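Open the structure in your viewer and keep the sequence panel beside it. This tour tells you what to select at each stop and what is there.

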Amino acid sequence: MKFCKKYQEYMQGQKKQLPGVDFKKLKKILKKCRKDFESHQDHDGQSCPHHCPVCDGTFFPSLVKEMSAVVGCFNKRAQKLLELHLASGFRKYFMWFQGRLQKDHAALIQEGKDLVTYALINAIAVRKILKKYDKIHYSKQGQAFKSKAQSMHIEILQSPWLCELMAFHINLRETKVKSSKAPAFFEGCSLTSDDDKPSLSCELFDSIKLDIDLTCSICLDTVFDPVSLTCGHIFCYMCACSAASVTIVDGLKAAEPNEKCPLCRKTGVYEGALHLEELNILLSRSFHKYWEQRLQTERIERIRQVKEHWESQCRAFTGV
C-alpha cells in the first residue's frame with residue numbers, strides 16, 4: 001500500500017478531525033504544473049523554471065498553512081496532556097474540578113503514543129511531498145524548503161513538545177516498572193549516554209529516527225534545568241540567561257529581541273522559550289549524582305544573582 005493511502009486511512013481513522021497534509025490537493029498542484037509546462041514550453045525534457053508560478057504561488061503557501069495547523073494542533077494537545085501529568089496540589093484539584101483529570105494512567109500513555117504517532121506520520125508526509133516536488137522539478141527547492149520551515153517554527157520534529165513527550169513516556173515507564181501490565185507506549189524511545197553525552201532517541205517508523213542531543217553547547221555538560229528556545233535548541237536555563245544577557249531574576253522573557261541563539265544565531269528566540277519539565281525530571285532521576293553536584297553549584301550562583309538584584313533595587317530606591 002502506498003504511503004498516501006496509508007496516511008489518508010490514518011487521518012480518517014482519528015476520533016477527532018485533526019489538521020493534516022492534503023496529499024491529493026498538493027499532488028494535483030504538482031500535476032497541473034507539469035502539464036502546463038509541457039503544453040506551453042518547447043523544452044528538452046528538463047525541469048520547470050527555477051521559480052515556478054504554479055508551485056510557488058499555490059503549492060508552498062498551501063503546505064505552509066497545513067504544516068502550521070499540524071504543529072499548532074500537536075503543541076496544544078501535548079501541552080494539555082503534560083499539564084495533566086505534572087499537575088499537583090491545588091492545581092490538580094482545580095483541574096479535577098474542571099473534569100480534566102478523569103483519565104487514568106493507561107489513557108495518558110495511549111494519548112501520548114497517539115500524539116507522537118501523529119507528529120511522526122505528518123513529518124513523513126511532508127518529507128514525501130517535498131521529495132515529489134523535487135522529482136517533478138529536477139531541483140532541490142523542496143529540500144531547501146525544510147530550512148525555511150525550521151526558521152518559521154513549523155517543522156514538527158523541531159517542536160520542544162515532542163522532546164517533552166519522549167521524556168514523559170520514559171518517566172511513566174520507570175515509575176510503573178513494577179507493574180507487569182503497564183501499557184506500552186513506543187518501545188523505540190530511550191535515554192542513552194555515550195561517553196557521558198546523553199541523548200534522547202526515538203524510532204517509531206523505519207524511515208524516521210529522532211536523536212536529540214542533551215549536551216548544553218555553552219557549558220558543554222548535560223543540560224541542567226533545561227529550556228528550549230523557539231529555534232529548537234536546548235540549553236541549561238542559567239546558560240541561556242547568560243547568553244541572553246539577563247539574570248535569572250528577570251528571566252528569558254526580559255531578553256532583548258536582537259539577542260541571538262548561541263548555536264544558530266537567530267534572533268528573537270528567547271521570549272517564547274519553554275521550560276522542559278518532563279526532561280528535567282528524567283535527567284534528575286537518571287544522573288542523580290551529577291544532578292546533586294550541579295544543584296549545589298547553581299544554588300550558590302542563583303543566591304548571588306538574587307542578592308545583587310535586590311541590592312541594585314535598594315540602591316535605586318534610596319537614590320544611593
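**Stop one: helix H10**

Select arginine 302 to begin. With a relative accessible area of 26%, arginine 302 is partly exposed. Keep in mind that this is a predicted model.

Aspartate 225 and arginine 302 form a salt bridge, with their closest N and O atoms 3.0 Å apart. The pair links distant parts of the chain, 77 residues apart. Arginine 302 sits in helix H10 (residues 288–318), while aspartate 225 is in the loop between S3 and S4. Is aspartate 225 buried or exposed? Aspartate 225 is buried, because its relative accessible area is 15% and buried means under 20%.

Widen the view. Select Asp225, Arg294, Glu298 and Arg302 together. A network of salt bridges links these residues. How many salt bridges does the structure hold? There are six.

**Stop two: along the helix**

Stay on helix H10 and select glutamate 301 with arginine 304. They form a salt bridge, and the closest N and O atoms are 2.5 Å apart. The two are three residues apart in helix H10, so about one helical turn separates them. Glutamate 301 is partly exposed at 25% relative accessibility. Arginine 304 is partly exposed too, at 38%.

**Stop three: the loop**

Go to threonine 222. This residue lies in the loop between strand S3 (208–213) and strand S4 (226–228). Threonine 222 is buried, with a relative accessible area of 7%. Which residues does threonine 222 contact, leaving aside its neighbours within four places in sequence? Select Asp196, Pro198, Leu214, Cys236, Leu283, Tyr290 and Arg294 to see them.

**Stop four: a charged patch**

Finally, turn to the surface. Select Lys2, Lys27, Lys128, Lys131, Lys132 and Lys135. They gather in a patch of positive charge. Which helix gives the largest share of the positive patch? Helix H5 (residues 105–137) does, with four residues.

End on lysine 132. Its place is in helix H5. Lysine 132 counts as partly exposed, at 33% relative accessibility.

Methods:
Residues numbered from 1 in each chain as written. Predicted model: local features only at pLDDT ≥ 70, side-chain atom pairs only at ≥ 80, totals over all residues. Heavy atoms only, no water. Patch = residues over 30% accessible without salt bridge, like charges linked within 9 Å, V, L, I, M, F, W, Y side chains within 5 Å. Areas by Shrake-Rupley, 256 points an atom, 1.4 Å probe, with all protein chains shown as cover. Salt bridge = Lys/Arg side-chain N within 4 Å of Asp/Glu carboxyl O. Lys, Arg positive; Asp, Glu negative; His and termini not counted. Charge placed at Lys NZ, Arg CZ, Asp CG, Glu CD. Buried < 20%, exposed > 50% of the residue type's maximum accessible area, 1.4 Å probe, protein only. Contact = heavy atoms within 4.5 Å.
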